[in-house]
Amino acid sequence: KVIGSYPRLGCEEIEKADVGTFEVLNHIYSLDKNYVYFKRKILTNEKPNNFRLAKGPYAVGALGTYWYGELFDSKNSKSFTAVEFNIDHLQNHYGLDSNNVYCRKKVLSQNPAKFKPFVKQGYFEDEANLYYINGGVCEKIEVDIR
């Protein structure tokens, strides 16, 4: 048994955890030789040797891509990575694979090669659109930036 003491989780027992191999990846994901955990919950059928943190709330395993412990359909899990940025001292993230840009679990842009920060913090652009990402807000803004 492992007692979690990560500041955002508090102190809670993690059943079935192997103390000798237990490793905290970040404030929500951890693993040991047998299991991958989202907070205290075992991610069923996920294998520790195929699991990697992509940054923040994103992770990738043999079953696919995760956002806060929930699988979602990214088109290419093998190429998936996450980008971390700050707005008002708060960390925000978006994900990229070879096909799409994701905000949380939804496709935001289908042009990851051209997706980049815009002049104003929290705003991003690709060839044709402007986007805003902050906390729970992920939106395409209808403007012509060409």
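Cys103 is buried in this predicted model, because its relative accessibility is 2%, where buried stands for under 20% relative accessible area, exposed for over 50% and partly exposed for the range in between, as computed with a 1.4 Å probe on protein chains only. Cys138 is likewise buried, at a relative accessible area of 11%. Residues are numbered from 1 along each chain as its sequence is written. Because the model is predicted, local features need pLDDT of at least 70 and side-chain atom pairs count only at pLDDT 80 or more, while totals for chains, interfaces and linings use all residues, and side-chain values use heavy atoms, with hydrogens and water left out.

Cys103 and Cys138 are joined by a disulfide with 1.8 Å between their sulfur atoms, a disulfide being defined as a pair of cysteine sulfur atoms within 2.5 Å. The pair links distant parts of the chain, 35 residues apart, with Cys103 in strand β13 (residues 101-103) and Cys138 in strand β18 (residues 137-141); strands (E, at least two residues) are DSSP runs numbered from the N terminus. The torsion about the S-S bond of Cys103 and Cys138 is about -55 degrees, and the disulfide is therefore left-handed. By the distance rule, the count comes to 1 disulfide.

Phe118 is found in the loop between β15 (116-117) and β16 (123-125), and with a relative accessible area of 32% this residue is partly exposed. When residues up to four places away in sequence are not counted, Phe118 touches Tyr123, Phe124, Glu125 and Leu130, contact meaning heavy atoms within 4.5 Å. Between the C-alpha atoms of Phe118 and Tyr132, which lie 14 residues apart along the chain, the separation is 9.5 Å.

Methods
Helix = DSSP H or I, 4+ residues; strand = E, 2+ residues; numbered from the N terminus.
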